[in-house]
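Dear colleague,

I am passing on the structure below, with notes on what came out of going through it. Please read the notes with the structure open beside them.

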Amino acid sequence: MTITDVARHAGVSTAAVSKVMRNAYGVSAAMQEKVRAAMAELDYRPHAAARGMRGRTYTIGILLDNIRNTFFADILDGVRDELRDSEYTVLIGAAGFDAEAQDKTIRSMVDRQMDGLVLIAPGIPRSEVLSTAQSTPTVVIGHHDTSDLHDSVVDADGSGAGLVVDHLVSLGHRNIALVSSPGTRSSKWARTPEIVLSDGYAEAMGRNQLADHTRICRTSYSDEGGYKAGMSLLTAGDRPTAIMTGADVAALGVWRAAHELGLRVPQDVSLVGYNNTAIADLATVQLTSVDQAGHNMGATAARLLIERVEGRRDHAVQTTMTPRLVVRGSTSAPSAL
């Protein structure tokens, strides 16, 4: 089935069909309806490669490092809902944490002429992202570094860390530890989420006259990473009475370590996550967590990207989400009080 068949079936010119497929300016609603109906009746699907030769493939590539991080599901839901009524198709590249694998995935997306990219906390060097963004519209989620070449969607991670520390201090905690991602120094990103979160944590500890109790344990944002951090912190001589993690999935790993050590949450150690994913609200979990509006982040990223792809905006913007602390049953006053 070809575009000529669609035009003949709809009783219009091939140029008219082409304009409808490109969402060209000036196409009437009646023409849109007539051509779309013909395409549906003929079960016509445009060939992606051919559309790419004409300037657009209507595909969006999304890079993420870990499909087990449930926060990414919230972001993807936001992207999907924003693009639901459009012609754009989302293709996901789960590249893992390795920078080389992420770079290969991004290059594959560009080579396949995807119209735009959404990069979720990319671990590749910043220079490579900037190079890609020069030719392919790009939105970076998570990293706070701004650029004239790409749009950014971030959470006010420093403020989020402050919300957690202030909450724990209000309960009577003083020995509060942070579990954060190690990041990649060679990537040359100056303000990744873990850097901003760590800075916010340190600032809040100092503001509460607890600078001497500042303790940051670096690990991957995964259940296994959280477990290793939990075992290290909870077997230390000066065991923290409260632990904050930069991701809910890592908090669950800490929880597993506490359980193996015979410690109770929150009686023996209070625990706070970050992202407020669906798992945090499970009846058997009830994890206090920082909500950074993952669905809204994804929807915003998709909207910003399409504005660039379709030429409705030619300047870069950064949108910041306001974090909100959701208090549940995993935090309480330390047992010594």
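This is a predicted model: local features need pLDDT of at least 70, side-chain atom pairs count only at pLDDT 80 or more; totals for chains, interfaces and linings use all residues.

Residues are numbered from 1 along each chain as its sequence is written, and side-chain values use heavy atoms, with hydrogens and water left out.

The protein has 12 helices and 12 strands, these being DSSP runs numbered from the N terminus (helices H or I, at least four residues; strands E, at least two). Its C-alpha atoms fill a box of roughly 80 × 40 × 30 Å along the principal axes. Of its 337 residues, 50% count as buried, where buried means under 20% relative accessible area, exposed over 50%, and partly exposed in between (1.4 Å probe, protein chains only). Among contacts (heavy atoms within 4.5 Å) between residues at least 6 apart in sequence, 70% join residues at least 24 apart.

Helix α6 (residues 99-111) has 13 residues and reaches 18 Å from its first C-alpha to its last, close to the 18 Å expected at 1.5 Å a residue, the expected span being 1.5 Å times one less than the number of residues. Its buried residues are Q102, D103, T105, I106 and M109; seen down the axis of α6, they fall within an arc of 160°, so they line one face of the helix, the arc being that of the directions from the helix axis to the C-beta atoms. The face turned away from that buried side carries the exposed residues E100, K104 and D111. What covers the buried residues of α6 includes β1 (59-64), β2 (89-94), β3 (116-120) and α7 (126-135). At the N-terminal end, D98 caps α6, with a side-chain oxygen 3.2 Å from the backbone nitrogen of E100, and just after the helix Q113 takes a positive phi of about 60°.

In α10 (residues 223-234), the buried residues are G225, G226, Y227, A229, G230, L233 and L234, and their cover includes β6 (176-180), β7 (215-218), β8 (242-245) and α11 (248-260).

The largest pocket has a volume of about 630 Å³. A pocket here is an open set of points on a 1 Å grid over the protein atoms alone, where a 1.4 Å probe fits, with protein on both sides within 12 Å along at least five of seven lines, and lining residues have an atom within 4 Å of a point; grid points are joined across faces, edges and corners, and the volume is the space filled by probe spheres set on the points. Of the 35 residues that line this pocket, the closest to its centre are D65, A121, S181, E194 and Y221.

Best regards

Key. A polar contact is a pair of N or O atoms within 3.5 Å; within protein, one must be able to donate a hydrogen and the other to accept it, and residues adjacent in sequence count only if both atoms are side-chain atoms.
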